Amino acid sequence: MEFLARIEATAFATWVREAPTLWAYPTILFLHTVGLGFLVGANVAIDLRLLGVARQLPLAPMEKLFPVMWAGFWINAASGTVLLMADATTKLTNPVFTIKMVFVALGVVNMAWLKRRLFREPASLDDWPTPPRARFVAVTSLLLWVLATTAGRLMGYLGPVSGLD
Amino acid sequence: MGTGMIPLGGEVQAIAAWLSGTWLHRFAAESQWVWAAMETLHFLGLGLLVGTIGVLDLRLLGLARGLPLAPLEKLVPWGVAGFVLNVVTGIVFFAGAPYQYIYNLAFQWKVLFMLAAGLNILVFYTSVARRTWAVPAGEHAPLAARIIGGVSLFCWVAVMYWGRMLTFFRPPFVVPPT
């Protein structure tokens, strides 16, 4: 706890939290939202395709969406770390945060598996119906990102709440 | 007053006053869990919108050129679904605290960028839409469509930006002093 208080009291964390400029906390919060949009969004596009939406789309070129997802992921890892530092004693002691991290970790593992296994032979997925395992991965992906997003939102309502969004 | 960019006339205030007396206002303001649930749905709608319209915009800009455009059109209804979800949840927020929005500069910018995105879609469907949907795998979209895709992406990111800025532009009252 003392360690968390020290993080929160660093000059950087204090600046992020208290600087009266939109470039501090508000912009980092915005980046976290954009990262969510691209990480979850690009995942959703592939998931929908695997579940039968826009069936005529060849799967192989969708591999180009993975860099978009990873960009979203790293934007959020970085912006999330800064948001945590600014509010460490509250957010890092919130069990909802731990739950969110579990869902994010599972989501990323699922995403890596999708890339390594299903995109090894993407042409085998082009015909409808896609194999059950592909549909299973798509459903888990959707579920995990919905749960991660929900947990993130609920951090502002459940457990210790500081009022910093 | 004047925290907002557009000088607000009596009509806007009248709408806000009327909303404050509706069941929707009571529903939204009654419990923080209603608000939390609406926020969660609002973020999920955001993900759906970016995942469909955002991906289409990226393809128009030249990413994943191996994707033919015709089947990508099938993603549009899902984007519309995400947008409708966010309009509905947005109306609940608005009804719950109307004065927090009408006097909010960030809200006014957000609405303007939504209108710009809508106008951009209108331009698309009245100009290059048919030629664009016919673009096969491996080929660039027409220049006009690429510009429209870029404008769309910019507008939606701006909508997210001003949406996130809302809480930092809150007027210092729940009901404006008369």
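I began with contact: two residues touch if their C-beta atoms, placed from the backbone, lie within 7 Å. This is a predicted model, where local features need pLDDT of at least 70, side-chain atom pairs count only at pLDDT 80 or more, and totals for chains, interfaces and linings use all residues. Residues are numbered from 1 along each chain as its sequence is written, and chains are lettered from A and ligands numbered from 1 in the order in which they are written.

**Entry: where the chains meet.** I found 33 residues from chain B and 34 residues from chain A in the contact. On the side of chain B that touches chain A, α3, α4 (69–72) and α9 (143–165) each supply at least two residues. Helices here are DSSP runs (H or I, at least four residues), numbered from the N terminus.

**Entry: a look along α3(B).** How far apart are the end C-alpha atoms of α3(B)? They are 41 Å apart, which agrees with the 44 Å that its 30 residues (32–61) should span at 1.5 Å a residue; the expected span is 1.5 Å times one less than the number of residues. I also saw that α3(B) bends by about 25 degrees at Val50(B) (the angle between axes fitted to the seven residues ending there and the seven starting there). Just after α3(B), Gly62(B) has a positive phi of about 120 degrees.
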